[in-house]
Each structure stands twice: as C-alpha cells, then as structure tokens.
Amino acid sequence: MTNAEIAAALEELAVLYQLDGADRYRVLAYTNAARAIKDQGKSVEELALDGQVTELPGVGKTLEEKILALIETGDIPAAVKLKEKLPAGLIEINRIPGLGPKTVRRLHDELGVSTPEELREAAENRQVRQLKGLGPKVEENIIAGLDRLSEQPEGPARRRLDQIRPVAEELVEALRSHPACDRAEIAGSVRRLTDTCKDIDLIATSDSPLELSSHMAGHDSIAEAGSPSDKGVKLETHSGIGVDLRIVAPDAFGNLLQHFTGSAAHNTELREIAVGDGLHVSEHGITDEKTGETERFAAEEEVYRRLGYEFIEPELRENRGELEAAREGNLPELVEIAQVRGDLHAHTTLSDGKASLEEMADAARAIGYGYLAITDHSASHGFGDHVTADRLWQRIEEIRDHNRDSGDDFLLLAGSEVNIQTDGTLDYEDDLLAELDWVIASIHTSFKDDADYMTARMIAAIEHPEVDCIGHPTGRLLDRRAPYPLNIEAVIGAAAANHTIFEINGNPNRRDLSDIHARMAAEAGVKLVLTTDAHSTAGLGLMEYAVATARRAWLGPDQILNTGPWWG
Ligand code: DGT
Ligand code: CA
Ligand code: ZN
C-alpha cells in the first residue's frame, strides 16, 4: 500500500468524521497525519509493520491501530462503520468544490439530501436557498459542480516556486502594462509562496475585459490559449505551465483576489463560518442572505474586515488556525526580508562554491548585511576540494585578516558545514571546531531508510557542544528526494534541550526545514536562522525563499536569530 493510498484513506476518514459532526480537533488530527504520511520519504506500510509508525509527526497509538488495520484488511474499521451509518451519496456530494462537510451535513439534516441526484433536484427546485445563509449562488455552484463531478482529471505535475514565480511576474507585468488593465495581481499558491505550485492564477480588473483576455492570449510566452472572454482566459506557456486569468469589474477586485488566493481549505472554512453569520461569500462579493444585498470590495483587507477578521497574510491562508487567530486579533507578526541582517550558510571556491571569499563578502555587503558566515564543506565531503583541518585553520586566519583589513563594520564569520558521519560524529577535531565562529552540522551521506538510525545520528550532532546549527535538517530536495526518515519530534526536542539552532535553508529546492516543521520547532522553543546555502554571489539572493517558509511557519523576527546583529 503506497503512502498516497494510506494518506487518502485517512483524509477520507477525516471527511467522514466531519460529515458525522465530530469536533474539529479530531478532524484535524487525521488531516495532519495524512499530510505527514504524504510527505514521508519512507514506506509508511513498512514503518507500520515494523512498529515505528508512531515516530511520524502527529501519529499516535490510535492512528497506528487504524493504519495497521488498513494495511491488513484494506479498510479502517471506523471508516467502515461511518460509511454504514452515513448515506454514501454524502461523501460524493462533499467532493463538489466549495461545498464543505459542514454544509453537506446541513443539506442532509435540513433537506433530507443524501445523494447527488437528490441534491440536484433540491438545487433545481430552489430548496437550497431556503436554508439560512445559502442562496441562489450556492444552487448555481452546486449544479455546476455536479456537472463536473464525473470528469475530474489527474492534475498536472507541480513545479517549484522559483520555476513558476518569474513566469507569473512576467505575465502580471504584461497585464499591468496594457491600457485596458486597471489592476492585476498574482493569486493562488504562487501568492501564498508554497513550496511547489500546480499553475499560475492571475486576476485583473478591467472595463474592457475581452480586450485584455485577447491581448494575453497573444502574449509571446503563451503557446496555447482557450477562447478569451470577458471573464478571462485559460492559457498555457511554452514551458507547459497552465495559467488561469480571471477578470472582474474594479469594485470587486478585493473579493476576487481573496477568492483566488485561496487556499481552497482556507476559503471553505471561511465560507462555512460566514454562513453561520448569514453571509454568503464568493469571488463576486459578500451577500447578506437576509436583505439579499451584495457588498463588493475593491480591497482584500475590507473583505476580511467585513467578515470580522484582521487581515490575514497570504502565506498563512492554509486553514492551520489563521482564521481563529485573525478573529481574536492574535495573528503573529511575521518576519520580513528587510529584517534579515546576515546570512549564515555560504560556500566559496574552497569547497564547491563558484565565488571567492572576497567576492562573497562584497556581495553580502552590497545586500546591506552586517555579517556573512563562510561555511565550506568539511574534510570528508565527496566533491570540490577537500578542506583539510590545516586548510581550515588557514582559512580562519584569512577571515580574521579580512575583518581586520576591511576598514568597515561588516563581519565575515569563520564557519564550516561539517558532515555528520555515519556514527553521528563530526569530521574535524573539537579544538578546530571551537576556534570557528559558526558550526553547521549536516547530513550529506549514507541516508538510510531507518528512522531510528537517522534520528540517533542527528541527535548526536545536536548534542555536540561545538555544533551551533543543523543544516537542511530533513535532507529533502523538492524535485528529486523525499526527506530521510526522521523522528522529527525527537529531533526538535533534542534541539530545544541543547539550544541547538535549526536552519531554514532558502535554496528553493530545499526549503528545509519546511513550513510545518519550522512551526513545530519554534513552538518547542528552538531558535531558527534563515540562510541561502549560496554557492555563488547570486545565490545570496535566495533569502526570499527562506523568509517565505518562515512566514508560512508563522515566525516573527524574535524567533529568528539573524534578524539581529551577530551574537557570537
Ligand atoms: P495549486 O495546486 O498550487 O494550484 O494551488 P492553488 O491554491 O493555487 O489552487 P488552484 O489553482 O486550484 O485554485 C486557485 C484558488 O481558487 C484556490 O487557492 C482557492 C480557489 N479555489 C479553488 N478551488 C476551490 C474550492 O473548491 N473552494 C473554494 N472556496 N475555493 C477554491
Ligand atoms: Ca494555482
Ligand atoms: Zn549542505
């Protein structure tokens, strides 16, 4: 059984519980576990059969039992029971976009709807609008959604944010520079700065929408276009990236931007809560179900304000508690790139970098940083020059000389990215490590499909008195390698106990720690640093991706050490 199949079964169970009216913490437990399993590099089936599945984040004894039953029998008993209890059609109805389990349950309880056919009938007979908070728009959505239910194709491959965002920016600029365009913005997952994106969502306002759609269909980078209309157009770039452009009148720009920024999970929750207040939220406006009046907002802030929320930054819109926090005025202050005062992971020609010490230092100065740690790979590293202990002693001198002779306050820090060896020890002597300003320890070799082994190896490095920071802690590469198996909770616990720092590596192929793990770490009291792992002067510019992950992890400047001056 694949991880995706196990995750799907748990997601289904979460939906079933929700349809059954379970409290949201129970539901959240299953959706979180499903996500952890999906992100897992190792076979979760094997983990479960080896009795190790509880090492995954959010998987406890109860979930272990359910996963084992699923592997052995093909079913989760709790899901089987719920399916017997709940009408089968409800689960299918729940797949209609924009119709969350809470509403599906109400349709069942209040209108007796149990199948897609009964739902279509209720919508066509205008019964749905009799429910508090639901209106004619919902009926339209339901009918359209039912039509599409049967033909849901496999989604296209996802691409990393750095591969897709420049294209989105070029297209939004093309929109903005056209005379028929009023305002234009990137929406969807690109705006939320997710690790990977399925496609590009663009929105615009215009008084001549058809003209604007046609213009974009003819843009240089577009290979194929659907038929342009006054609502927008679907495009595909030469590189095969799908682009969805939607256009509305200027007074609803805020509503459209809010809707198409998503995430779908955030919007579904937002809308279901609004229904309780008698409000129907859509991309077209907010309709008061009592008066039938629709308010449109040119600014997204006003949409959130009207619904009783503080403005929620796009990076937070994943239905991970941000709506509750925004209602209570408890949203975190998020870190900003301008607050980053230095970079703490960079390579030079001494190992596998492309630029010299001086070139890297000058590039960091040009960004306006106060410090840069030079962290070339250590003695046993497999590629580039092998930085022997002697060579590193010499490098420390070069760095001290640079700082003495530079005539400014900028500090180069003498560091190393030291390999964590198979037994958890490091490949330099302690006296050399002690002389360094900054020691990152990373695993680069001998990834084993054994969470106990990888966790113990990592914790040994975390406990090493000379280690300041763990580099790219899970080892994932978004386009080619899943994280190595790790008991992330144990590793975070060890880091908190030993005051060892974790890196959020901003290389857009890594973004490691991930948003979820970085949030877990910060909540456990672990301090983080934002780094680029630059292998060239241009590489120092990748800090924006580290910041993006930090913001998605709810982190503020106080949780990130390099928003302050060098502390060593
Ligand atoms: P992805 O998969 O990287 O393209 O992620 P998104 O979030 O860009 O998803 P996409 O492109 O399918 O849809 C763009 C936005 O449209 C999404 O973030 C929110 C909105 N949306 C899409 N599907 C639904 C839905 O079922 N319900 C609601 N309320 N909004 C949706
Ligand atoms: Ca999208
Ligand atoms: Zn590394």
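Colleague: Are tryptophan 438 and tryptophan 566 buried or exposed?

Modeller: This is a predicted model, in which local features need pLDDT of at least 70, side-chain atom pairs count only at pLDDT 80 or more, and totals for chains, interfaces and linings use all residues. Residues are numbered from 1 along each chain as written, chains are lettered from A and ligands numbered from 1 in written order, and side-chain values use heavy atoms, without hydrogens and water. With a 1.4 Å probe and protein chains only, under 20% relative accessible area is buried, over 50% exposed and anything in between partly exposed; by that rule, both tryptophan 438 and tryptophan 566 are buried.

Colleague: How are the rings of tryptophan 438 and tryptophan 566 arranged as a pair?

Modeller: Rings of Phe, Tyr and Trp (its six-membered ring) pair if their centres lie within 6.5 Å, with planes under 30 degrees apart called stacked, over 60 edge-to-face and the rest tilted. Here the centres are 6.1 Å apart and the planes stand at 85°, so the pair of tryptophan 438 and tryptophan 566 is edge-to-face.

Colleague: Which residues coordinate the calcium ion (ligand 2)?

Modeller: Donors are N, O and S atoms within 2.8 Å of the metal (3.2 Å for Na, K and Ca), and sites may look incomplete because water is not among the atoms. Aspartate 199 and aspartate 201 are both buried. At 2.1 to 2.2 Å, the calcium ion is coordinated through OD atoms of Asp199 and Asp201.
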